[in-house]
Amino acid sequence: MEEKAKIALVTGASRGLGKNTALALAKKGIGVIVTYCSSEAEANSVVSAIAKIGGQAVALHLDTSDTKTFEDFVVKVKQSLQDNWQTEQFDFLVNNAGIGVYATFAETTEEDFDRLMNIHVKGVFFLTQKLLPLIKDGGRIVNLSSGLARITLPGYAAYASMKGAIEVLTRYMAKELGSRQIAVNVVAPGAIETDFGGGAVRDNPEINSFIASQTALGRVGVPDDIGGAIASLLSEENRWVNAQRIEVSGGQSL
Ligand code: NAP
């Protein structure tokens, strides 16, 4: 019997690293549920780009900061798995959606803290929990952390602490989901040229060249440095990699 194509759900796949990951997975023949929060048109163009290379994708709205919406989202995922792939479960969850807030420890507001916490920690925790019944036994989860959970750069106390939490959560997920043969890893990108944090890494020449000077491979990362790395982590060849933090940064701040 022909093996069914695998399916991934990538949060925040309308732009940046999530988009690049969705495309990299689609190139490997994996179907993708692309989620967007505010960028519906961009998400639809990711779906079209995937269709153009012969792949299959669908875009769904998701606000990962709003746990009250997760039950409805799960219903929509179920429906879309049925409508598009005639199946009830998917294989890979990539918890990528995120925002950057630059503020020193002294200046971080409670509002910024809560916003970051809701998206980067609470959202990942409860979205994954709600999606568990839809993830196949033997499936995989990749959470997105950041080089900033290891490298200490002023201005990211709240953000980086929350990425640190995701690294701990990854180990707990791996431990508890192991009985279902679900492997869970965390990918920590270095600074990458996307819209993240107002696009500073990409658009501010001083920040860009500073990061390049701190990186062993001598440049700042681009989305293509990340999507393929996540897709290869999700390949059969990497099935025994579990509970690991994999930094993908070109050797930043060694
Ligand atoms: P980006 O280009 O700004 O894209 C962010 C994505 O997240 C968009 O698709 C956006 O969707 C989505 N998103 C934002 N808020 C959301 C919410 N409340 N609910 C659902 N989706 C939401 O950022 P990126 O650089 O690709 O970052 C992706 C991940 O990598 C984040 O977790 C980030 O922390 C991490 N990371 C980035 C870097 C970097 O330097 N770029 C480095 C390390 C780690 P809409 O546009 O549809 O609203």
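Trainee: Which residues of the largest nonpolar core touch the most other members?

Mentor: In soluble globular proteins, nonpolar side chains tend to be buried together. A nonpolar core here is a set of buried Ala, Val, Leu, Ile, Met, Phe, Trp, Tyr and Cys residues joined through side-chain atoms within 4.5 Å; buried means under 20% relative accessible area (1.4 Å probe, protein chains only). In the largest core, of 31 residues, L25, V32, V34, I50 and I230 touch the most other members. Helix α1 gives the largest share, six residues. The model is predicted, with local features needing pLDDT of at least 70 and side-chain atom pairs pLDDT 80 or more, while totals for chains, interfaces and linings use all residues. Residues are numbered from 1 along each chain as its sequence is written, and side-chain values use heavy atoms, without hydrogens and water.

Trainee: What is V32 in contact with beyond its neighbours within four places in sequence?

Mentor: Contact means heavy atoms within 4.5 Å. The partners of V32 include A8, V10, L25, I50 and W85. A second, separate core of 28 residues includes L62, F70, V77 and V186.

Trainee: How should I read the crossing of α3 and α4?

Mentor: Axes are lines fitted to C-alpha atoms over the stretch in contact, with angles from 0 to 180 degrees between N-to-C directions. Those of α3 (residues 70–85) and α4 (residues 110–131) come within 10 Å and cross at roughly 45 degrees. Residues F70, E71, F73, V74 and V77 in α3 meet G123, F126, L127, K130 and L131 in α4.

Note on methods: Helices (H or I, at least four residues) and strands (E, at least two) are DSSP runs, numbered from the N terminus. Buried means under 20% relative accessible area, exposed over 50%, partly exposed in between (1.4 Å probe, protein chains only).
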